[in-house]
Amino acid sequence: MTITDWPRTVAGPDPDPASPTPVSETPTPVSDAPDVVSDAPDFVSETENGTGTKPSVGKLTRTQKLAIAAIVVAALVLAGIGLYLSFSHVAEFAFKKLHFGSLDKGRLFAVGVDVGIMVMIAIDLVMAWLKRPIGWVRYPVWLLTSATVVLNGASAAPEERPWELLDYVAAFAHGVVPVLFIMIVEVGRDSIERMVRPERAERDSIPWIRWTLAPIATSRIFRRMRLWGVTSYPEMVRRDQDLIAYEQWLKRKHKGDLSKAKDDELLPMKMAPYGYTVTQALAMPGEQEQAAQKRAEDAERERLDAETRSQVAKAEAEADRLRAKGKVETVRAEVDGQTGQARAHAKAQVGAAERAAELEEQALETAVVAEARARRAEAERVEALERRAAAEAGLQTAELERQAARKRKEAAEADRVAAAEAQAVETQTIAEARKAAAEADRAAAETEKAAAERRRAAAETDRKAVEENERREAALADIAGARQAAAEADRAAAETRRVAAEIELRAVEIEDEAKLTGRQRAVRKVARMALAAGLVPDGLAHEDIHHELCERISIAAVQHQLDVSSTDTASKYRTEAVALIADGYRP
């Protein structure tokens with residue numbers, strides 16, 4: 001493998017059977033950088049005691065209980081010794097140097113400090129035992145203990161001569177017991193927390209040799225472990241090694257000039273101080289793009305929903321407006337029809353009254369004329385009577401009767417004509433009113449038809465909105481089902497890993513009881529790896545088992561799991577594992 005090839009591993013990690021917990025789901029990176037840095041997945045270590053094994057939560061045996069009781073008694077004895085040694089020194093120093101006024105007040109001061117320390121220690125231990133630890137209580141205890149150490153050391157200071165080496169030793173000796181007591185208290189507190197909270201994750205300690213050889217780099221590792229919750233020191237080392245290897249690969253790719261690298265390729269170096277692994281940093285652009293796309297989709301969905309609601313509201317408002325307008329037009333047409341009918345009726349009545357008045361006037365004039373003619377005829381008749389005698393009187397009378405009959409006939413004809421004209425006027429007005437009413441009814445029908453069309457459009461819009469909501473609910477249900485299936489798959493995978501871990505633990509216990517050598521343990525571990533990878537040796541010949549094992553377990557995987565650098569040694573382990581499986585080994 002050349003340096004331009006991306007290395008699969010940088011350094012062989014310590015065997016860690018515990019299943020790592022991923023920090024986040026990292027999709028495929030969008031940059032041109034390689035996909036992986038090492039076989040180690042991106043995780044925050046799940047090791048709980050620094051070795052990758054879970055602490056035992058079994059009940060204490062009688063011997064263990066007696067040992068704990070003896071430790072507690074010894075700690076109380078040590079506390080009593082410390083109180084006894086420091087009491088007189090602190091009391092005398094407080095009286096002479098701190099101006100407490102009397103020795104009794106100095107003794108009360110010493111008792112108050114010691115009692116305060118013991119009370120806070122007791123509270124701290126009780127709360128830790130009750131699984132409700134108070135973290136800040138430890139700091140006042142440390143502060144008061146430091147004050148006690150200082151006062152004890154100061155009480156041993158020379159008064160009228162300069163300090164000598166023995167004086168420093170004496171001051172140190174005065175503070176040893178309080179410091180030793182606090183150390184024992186801290187150990188006891190941590191032991192209680194381990195017993196009552198065995199599931200609590202613990203942090204690995206960084207070896208002191210590393211602090212000595214590389215203090216600056218080690219302080220950076222310590223800072224990153226504390227800031228970003230990495231509890232496994234080997235995992236933190238692997239992260240640094242992966243980052244260094246990636247940086248060297250990137251320099252090789254761009255011929256030593258990192259300024260030519262893309263921004264996405266430089267992300268691992270930029271994001272390493274913030275707790276990101278190489279794979280997580282390379283996956284950041286894809287994650288951000290997916291998040292931005294999801295936000296855009298949500299915004300577009302909300303905008304479409306708002307537009308749909310606005311359109312529905314507008315359609316409903318328009319439908320209401322058209323309904324109101326149709327009602328107004330209908331009422332207006334009814335009022336106009338009724339008004340037209342009333343006007344036509346009144347006009348017909350007025351016309352009939354005027355015609356009757358004219359006819360009456362004409363009849364009156366005819367009567368006056370007839371009377372005048374009658375008088376003239378009477379005069380003529382009288383004159384005729386005077387000229388012709390009484391015979392003429394009968395003829396005049398007949399004539400007058402004939403004329404009167406004719407006048408009556410003319411008056412009757414005039415009355416008939418007036419009645420016919422009045423009836424014709426009334427019929428035409430009513431027809432016009434009915435025509436206007438028919439026009440109003442037609443306009444109202446058209447308005448109602450338009451309102452019905454708009455109501456149909458609004459109903460269609462509501463139907464589409466309901467269908468859209470149903471499709472959205474169905475999509476959400478499908479998403480929830482997919483998430484549930486993924487959760488079930490994760491649970492099954494976790495159960496498989498748990499069973500594998502139990503098998504591995506049982507095999508290790510059996511090997512411990514059998515007192516096997518390191519090589520025998522390594523061969524059996526390779527055999528367990530093959531069986532866990534799906535190898536079914538039943539009914540297979542030795543050569544077939546060898547072939548199946550080589551396909552499932554590579555030499556690189558053996559090197560990685562057993563932390564060996566020689567490929568020959570790894571190959572021998574595989575060969576011996578084949579023989580072991582062929583002989584019937586089953587963990």
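Because the model is predicted, local features need pLDDT of at least 70 and side-chain atom pairs count only at pLDDT 80 or more, whereas totals for chains, interfaces and linings use all residues. Residues are numbered from 1 along each chain as its sequence is written, and side-chain values use heavy atoms, with hydrogens and water left out.

Let me start with the chain. It holds 14 helices and 2 strands, where helices (H or I, at least four residues) and strands (E, at least two) are DSSP runs numbered from the N terminus. Of the 587 residues, 25% are buried; buried means under 20% relative accessible area, exposed means over 50%, and partly exposed lies in between, with a 1.4 Å probe and protein chains only. The accessible surface comes to about 38,200 Å², and 59% of that belongs to carbon and sulfur atoms, the areas coming from the Shrake-Rupley method with a 1.4 Å probe. Among contacts (heavy atoms within 4.5 Å) with a separation of 6 or more, 65% are between residues 24 or more positions apart.

Now to the cores. A nonpolar core is a set of buried Ala, Val, Leu, Ile, Met, Phe, Trp, Tyr and Cys residues joined through side-chain atoms within 4.5 Å. Which members of the largest nonpolar core touch the most other members? They are L549, V558, Y573 and I581, out of 19 residues. At least two residues of this core are supplied by each of α11 (518-532), α12 (542-552), α13 (555-562) and α14 (567-582). Leaving aside residues up to four places away in sequence, I581 touches A527, A530, L535, P537, I545, L549 and R586. Another core, of 10 residues, lies apart from it and includes A79, I121, F181 and I182.

Next, the second largest pocket. On a 1 Å grid over the protein atoms alone, a pocket is an open set of points where a 1.4 Å probe fits, with protein on both sides within 12 Å along at least five of seven lines, and lining residues have an atom within 4 Å of a point. The space in this pocket is about 800 Å³, a volume being the space filled by probe spheres set on the points, which are joined across faces, edges and corners. Its lining has 22 residues, of which I68, V72, L125, G188 and I192 are the closest to the centre. While α1 (62-96), α2 (103-129) and α4 (165-196) each supply at least two lining residues, the largest share, 9 residues, comes from α4. By class, the lining has 20 nonpolar, 2 polar and no charged residues; here Ala, Val, Leu, Ile, Met, Phe, Trp, Tyr, Cys and Pro count as nonpolar, Asp, Glu, Lys and Arg as charged, and the others, Gly among them, as polar.

Finally, some single residues. K131, in the loop between α2 and α3 (138-155), has a positive phi near 60° without being a glycine, and K131 counts as partly exposed because its relative accessibility is 44%. D563, in the loop between α13 and α14, also has a positive phi, of about 60°, and is not a glycine.
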